[in-house]
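Please read this briefing alongside the sequence and the 3D view. It goes from the whole chain to single residues.

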Amino acid sequence: QVQLVESGGGLVQPGGSLRLSCAATGGTVAMAWFRQAPGKEREFVTAITRSGGTSNYADSVKGRFIISRDNAKNTVSLQMNSLNAEDTAVYYCAAAFGAYLSQNAVNYKFWGQGTQVTVSS
């Protein structure tokens, strides 16, 4: 029912910034970002409620990343600042009808195809 499309990935230098976007169709849902680097399991990055009033972040990105949403457009954005090599990964947008700031991937039913973020000099 819900389809997600990520965009905005690319190559950025260490210390730089990048903004990812996720466009959703099929309903207003709680959304989150996960990421996965080669050889590693998918890990939680950040989540936001359907209202956009509350969010949660993984310790590794606190103070650097900001998630926001525009319910009128059914989009969610991830502003990434002070990027470093450890942030290099495929970033996935995820959505669910019942999740509340969940950090567990199993709670998200809908997933985008991912967008590559590479942080390198």
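This is a predicted model: local features need pLDDT of at least 70, side-chain atom pairs count only at pLDDT 80 or more; totals for chains, interfaces and linings use all residues.

Residues are numbered from 1 along each chain as its sequence is written, and side-chain values use heavy atoms, with hydrogens and water left out.

**Overall fold**

- The chain has 0 helices and 11 strands. Both are DSSP runs numbered from the N terminus: helices are H or I with at least four residues, strands are E with at least two.
- In sequence order the pattern reads β-β-β-β-β-β-β-β-β-β-β.
- The radius of gyration is 13 Å, close to the 14 Å that the globule rule gives for 121 residues, so the chain is as compact as a globular protein of that length. The radius is taken over C-alpha atoms, and the rule is 2.2 Å times the number of residues to the power 0.38.
- The C-alpha trace spans about 40 × 30 × 25 Å along its principal axes.

**Surface and contacts**

- Of the 121 residues, 45% count as buried. Buried means under 20% relative accessible area, exposed means over 50%, and partly exposed lies in between (1.4 Å probe, protein chains only).
- Take the contacts between residues at least 6 apart in sequence: 58% of them join residues at least 24 apart. Contact means heavy atoms within 4.5 Å.

**Salt bridges**

- Side chains of opposite charge can pair when their charged atoms come close.
- The count is 4 salt bridges. Each is a side-chain nitrogen of Lys or Arg within 4 Å of a carboxyl oxygen of Asp or Glu.
- Lys 62 pairs with Asp 59, with the closest N and O atoms 3.0 Å apart. Lys 62 is partly exposed at 48%, and Asp 59 is exposed at 65%.
- One network, joined by salt bridges that share partners, takes in Arg 35, Glu 43, Arg 64 and Asp 87.
- Glu 43 and Arg 35 meet at 2.7 Å, N to O. Glu 43 is partly exposed at 35% relative accessible area, while Arg 35 is buried at 5%.
- Asp 87 also bridges to Arg 35, with the closest N and O atoms 2.9 Å apart. This pair links distant parts of the chain, 52 residues apart: Asp 87 sits in the loop between strand E8 (75–80) and strand E9 (89–96), Arg 35 in strand E4 (residues 30–36). Asp 87 is buried, at 1%.

**Gln 79**

- Gln 79 belongs to strand E8 and is buried, with 17% relative accessibility.
- Its side chain makes a polar contact of 3.1 Å with that of Asn 81. Such a contact is a pair of N or O atoms within 3.5 Å; within protein, one must be able to donate a hydrogen and the other to accept it, and residues adjacent in sequence count only if both atoms are side-chain atoms.
- Beyond four places in sequence, Gln 79 contacts Ser 17, Leu 18, Arg 19, Arg 64, Phe 65 and Ile 66.

**Thr 49**

- Thr 49 lies in the loop between strand E5 (43–48) and strand E6 (55–57). Thr 49 is buried, at 8% relative accessibility.
- Residues up to four places away aside, Thr 49 touches Ala 30, Thr 54, Arg 69, Tyr 100 and Leu 101.
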